[in-house]
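Trainee: I would like to learn how to read pockets and sheets in a model. Could we take them in turn?

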Amino acid sequence: MINVPQLTDALLTLENRVATLTLNRHDLRNALTGSNLIEDIVTTAEWVNQCDDVSVLVITGAGSAFSAGGNIRDMANRSGDFAGDVAECADRYRKGIQRIPLALQNVEAPIIAAVNGPAIGAGFDLANMADIRIASESAKFGETFLNLGIIPGDGGAWFMQRLIGYQRAFELTLTGRVIDATEAKELGIVLDVVAPDELLTAANAMANRIASQPPKATRLTKRLMKMAPRMELKDFLDVCANFQGMCHNEPEHLEAVNRMLEAMAKK
């Protein structure tokens, strides 16, 4: 029996090697601050890395929103994560919402964001921290920090320009405009857009396809994909050689090769 962490403001399930994390504060439109969702996301990320039975993590939201990002009422009241002087506020960011990008960047299994509704501010950034994004037709995306007189304090500027390039990321961030799912696909933010009632089916189909691959090689491949942009080719190839040596010595490799040989023999 696999022990799945008990979360406070989110739901976590595991089926067929696919873990699904559902942000479950629809009363707050799944705002990341002013709730326990930061802790729930970090706990899930750490659990995924420790659980060899997880091949893919799907993140979605309950209710009408994926995530509204920061709690605007707390901002207005200078309370919660937004209280205190400069040093106190900065410390709360480091010990609070900034734990999410650090945790998700280190998740070894592929992450799919199933964006069911508006992903605004830090909610947009949360989606961009995934490896793949599939959106409902009702999804909207907005890097709206400047509209509130603040900056993307959760690392959004780092993630978005790596996803769609500096110029497009600059325009979305500096204008603070909200885009629909169709434009998000055109910009390369999301991989696909589907009807609302087909979202989880589409996300699970993608997740199950990835989860059917040899699990240890899958995690190593994701690590390589993350390493590639920041490494020189020669150094990267050295890592590839070592990872490949690990793969050739794993039972799952021989099992996969034998399945391939059996399939070829039937043709």
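Trainee: Which element gives the largest share of the lining of the second largest pocket?

Mentor: Rolling a probe the size of a water molecule over the atoms shows where empty space is left. In this predicted model, the largest share of the lining of the second largest pocket comes from α2, with three residues. This pocket holds about 460 Å³ of space and is lined by 29 residues. Nearest its centre lie Ala-68, Gly-69, Gly-70, Asn-71 and Ile-72. The elements that give two or more residues to this lining are α2 (72-77) and α3 (86-95).

Trainee: How do the residues of that lining divide into nonpolar, polar and charged?

Mentor: For the second largest pocket, 15 are nonpolar, eight polar and six charged.

Trainee: What volume does the largest pocket have, and which residues are closest to its centre?

Mentor: Its volume is about 670 Å³. It is lined by 20 residues, and Ala-130, Asp-131, Lys-222, Met-225 and Lys-226 are the closest to the centre. The helix α10 (215-227) supplies the largest share of this lining, five residues. Strand β6 and helix α6 (156-164) also supply at least two residues each. By type, the lining of the largest pocket has 10 nonpolar, four polar and six charged residues.

Trainee: β6 has come up in the lining. In what sense does it pair with β9?

Mentor: Strands of a sheet pair through backbone hydrogen bonds, either parallel or antiparallel. Here β6 (residues 132-136) pairs with β9 in the parallel sense, over three bridges. Within that pairing, Ala-135 stands opposite Val-193, and Ser-136 has Val-194 as its bridge partner. Strand β4 (residues 111-115) is also parallel to β6, over four bridges, with Val-115 opposite Ala-135.

Trainee: What is the order of the strands in the sheet, and which are the edge strands?

Mentor: The sheet is open, with six strands in the order β1-β2-β3-β4-β6-β9 and mixed pairing. The edge strands, β1 (10-15) and β9 (192-194), each pair on one side only. From one strand to the next, the twist averages 20 degrees.

Trainee: Are the residues on the two faces of β6 buried or exposed?

Mentor: A residue is called buried when its relative accessible area is under 20%. Ile-132, Ile-134 and Ser-136 on one side of β6 are buried, as are Arg-133 and Ala-135 on the other. Five of the five residues are buried, so β6 is largely enclosed by the rest of the structure.

Key. Residues numbered from 1 in each chain as written. Predicted model: local features only at pLDDT ≥ 70, side-chain atom pairs only at ≥ 80, totals over all residues. Heavy atoms only, no water. Pairing = 2+ DSSP bridges. Axes fitted to C-alpha atoms, helices over the stretch in contact; angles between N-to-C directions. Buried < 20%, exposed > 50% of the residue type's maximum accessible area, 1.4 Å probe, protein only. 1 Å grid on protein atoms, 1.4 Å probe; cavity = no way out; pocket = protein on both sides within 12 Å on 5 of 7 lines; lining within 4 Å. Points joined across faces, edges and corners; volume = space filled by probe spheres on them. Nonpolar A, V, L, I, M, F, W, Y, C, P; charged D, E, K, R; others polar.
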